[in-house]
Amino acid sequence: MLDGLTGLAGIIARAGRLERALELLGLVLHHPAFINETRPILEPILADLRAKLLPDVVTEALARGESLPLEETVAEVLTELGRDVPQK
């Protein structure tokens, strides 16, 4: 689930919601189930966000993500993404 959430953070970042993407990465990085195999997916996204935002903004957004509940956050993200998808 953390790999998937990391990928969603990348999609959200590309959509311009940089701080939200950082919050998700903060959740992933500090979750007890985080494993180093996720790091190659996460690091390029995090590096890109660090290059685009002030260090304080990055630090604060990552810290907000630490306290997010995983399952609720995944549900919120899927709902948010569903609103952004054009309906036929």
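**Helix packing in a predicted model**

Good morning. The model before you is predicted: local features need pLDDT of at least 70, side-chain atom pairs count only at pLDDT 80 or more, and totals for chains, interfaces and linings use all residues. Residues are numbered from 1 along each chain as its sequence is written, and side-chain values use heavy atoms, with hydrogens and water left out.

I begin with the pair just named. H2 covers residues 18-30 and H4 residues 55-66; they pack at an angle of about 55°, and their axes are 6 Å apart. Axes here are lines fitted to C-alpha atoms, for helices over the stretch in contact, with angles from 0 to 180 degrees between N-to-C directions. Helices are DSSP runs of H or I with at least four residues, numbered from the N terminus. The crossing of H2 and H4 is right-handed, that is, the near helix is turned clockwise from the far one by less than a right angle, anticlockwise being left-handed.

Contact means heavy atoms within 4.5 Å. On H2 the contact is made by Glu19, Leu22, Glu23, Leu25, Gly26, Leu27, Leu29 and His30, and on H4 by Val57, Val58, Ala61, Leu62, Arg64, Gly65 and Glu66. These divide into eight nonpolar, three polar and four charged residues. In this scheme Ala, Val, Leu, Ile, Met, Phe, Trp, Tyr, Cys and Pro are nonpolar, Asp, Glu, Lys and Arg are charged, and the others, Gly among them, are polar.

How enclosed is H2 by the rest of the structure? Ten of its 13 residues are buried, so H2 is largely enclosed; buried means under 20% relative accessible area, exposed over 50%, and partly exposed in between, with a 1.4 Å probe and protein chains only. Among the buried residues are Arg20 and Glu23.

I turn to the second pair. The axes of H1 and H3 come within 10 Å and cross at roughly 25°, and the two helices are therefore roughly parallel. Their crossing is left-handed. Asp3, Thr6, Gly10 and Ala13 of H1 meet Ile41, Leu42, Ile45 and Leu49 of H3. By class, that contact has five nonpolar, two polar and one charged residues. Thr6, Gly10 and Ala13 are also among the buried residues of H1.

Finally, Ala51 lies in H3, residues 39-52, and counts as exposed because its relative accessibility is 67%.

How values were computed
Parallel < 35°, antiparallel > 145°, perpendicular 65-115°, else oblique.
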